[in-house]
Amino acid sequence: MQKILPKSKLNDFLKKLMQKHQVIAPVKEENTKFKILNNQNLKKLYLKKITQVPVKKFFIPDNEILLEYKNDKLIEKKDSTLPRIIFGLRKCDINALLVLDKIMQDPLYISKRKNTIIIGLYCENPDEYCFCKSMELSEKGYDLFFYPDRKNYYISIGSKKGEKLVSNLAVAKKQVIKQIKNTKKLPDKNIENHYRDKIWESDAEKCLSCSACTVYCPTCNCFDIKDNLDVNLKNGERFRKETSCQLKSFTRVAGGKSYRDSRLSRFKHFVYHKIDYFKKQHEVYMCVGCGRCLRVCPTNIDWINTINLLKGIKK
Ligand code: SF4
Ligand code: SF4
């Protein structure tokens, strides 16, 4: 059973949700990103394409304080997230959260996930960078999922929480479930035996180690733990700071040695983590095919194309 909502009533629907929840949705400002909605930025709602900036900061915010110490006493930080709804997540975005769930096991992250209702939105306009169709994505992970069709949204229900939100909407007379349209292809992801292939060198030569790919990747989650201490050393706070495997400092240890000293080793680590290592550990790819790393790369590195060019790999 699906529920139906006329497209012209979407803003009213969101406004109603805003009465009881914090509602986060894609908006278009200097770039496209998820923001907490209010009556002003609701006018900037952006549903045409995937957002440039992923949603991850709402689950693993940069500089998040983990604990405080006051007069030598430790105070663990509790999550203060309000009950919230994120609207407009694409299938790749939802799958990125399922990937993060496998990695982020701390109470702050878990609490944020529990406090968040997920409303997905079918992707009508994948662009030339999207390759989600090749990434064996899960159909799960949403409370509600919206399929646009002509003048209406057809809404699939994924949970009791979701069902409650649409209890006032009419039951649809037909079912509309759409499969993602053709996206860029990555048919063979078996790159295990190609680590030493020369082909990676041309990508690595173009790489600036700017870390934009990891900043914009919805599944990249690496952080450092840092302390801010008062001079008396009695009071302070501990926080996590976003970092990136593309930076030399990422693997730097005492004495100054970096274990991934070369740009080539750092670049290959990114690709192999996304397509090979994580899959062996968790049975899903760490890459969800959103294409953000390709879109944002200042030197237009297309590692999907590189994998497709590997010799001996099935096409
Ligand atoms: S965005 Fe491109 S240039 Fe920057 S670190 Fe990633 S691959 Fe290298
Ligand atoms: S590696 Fe690139 S395409 Fe894959 S999830 Fe991350 S940003 Fe998206």
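The points below are grouped by topic, beginning with the ligands. The model is predicted. The spaces taken by ligand 1 and ligand 2 are, respectively, the largest cavity and the second largest cavity. Aromatic pairs number 12, and some of their rings are linked into a cluster made up of Phe 13, Phe 87, Phe 146 and Tyr 153.

**Ligand 1**

- The residues around ligand 1 include Cys 207, Leu 208, Ser 209, Cys 210, Ser 211, Ala 212 and Cys 213.
- Cys 297, Pro 298, Thr 299 and Ile 301 are also among the residues around ligand 1.
- Sorted by class, this shell holds eight nonpolar residues, three polar residues and no charged residues.

**Ligand 2**

- Ligand 2 has 13 residues around it, of which Cys 217, Cys 287, Cys 290, Gly 291 and Cys 293 come nearest.
- The shell around ligand 2 comprises nine nonpolar, two polar and two charged residues.

**Aromatic pairs**

- A pair of aromatic rings is described by how far apart the centres are and by the angle of the planes.
- Of the 12 aromatic pairs, one is formed by Phe 13 and Phe 146, which is tilted, with 5.9 Å centre to centre and 50 degrees between the planes.
- Phe 13 belongs to helix α1 (residues 10-20) and Phe 146 to strand β8 (residues 144-149), so this pair ties together parts that are 133 residues apart in sequence.
- Phe 13 is buried, at a relative accessible area of 8%, and Phe 146 is likewise buried, at 0%.
- Phe 146 also pairs with Phe 87: the ring centres are 5.3 Å apart and the planes stand at 80 degrees, so the pair is edge-to-face.
- Because Phe 87 lies in strand β6 (residues 84-89) and Phe 146 in strand β8, the pair ties together parts that are 59 residues apart in sequence.
- Phe 87 has a relative accessibility of 0% and therefore counts as buried.
- Ring pairs join Phe 13, Phe 87 and Phe 146 with Tyr 153 in a cluster.

**Charges over rings**

- Arg 113 places its charged end over the ring of Phe 59, at 5.9 Å from the ring centre.
- The charged end of Lys 268 sits over the ring of Tyr 195, 3.9 Å from the centre of that ring.

How values were computed
Residues numbered from 1 in each chain as written. Chains lettered and ligands numbered in written order. Predicted model: local features only at pLDDT ≥ 70, side-chain atom pairs only at ≥ 80, totals over all residues. Heavy atoms only, no water. Near = heavy atom within 4 Å. 1 Å grid on protein atoms, 1.4 Å probe; cavity = no way out; pocket = protein on both sides within 12 Å on 5 of 7 lines; lining within 4 Å. Sits in = over half its atoms within 2 Å of the grid points. Nonpolar A, V, L, I, M, F, W, Y, C, P; charged D, E, K, R; others polar. Phe/Tyr/Trp six-rings, centres within 6.5 Å; stacked < 30°, edge-to-face > 60°. Helix = DSSP H or I, 4+ residues; strand = E, 2+ residues; numbered from the N terminus. Buried < 20%, exposed > 50% of the residue type's maximum accessible area, 1.4 Å probe, protein only. Lys NZ or Arg CZ within 6 Å of the ring centre and 35° of its normal.
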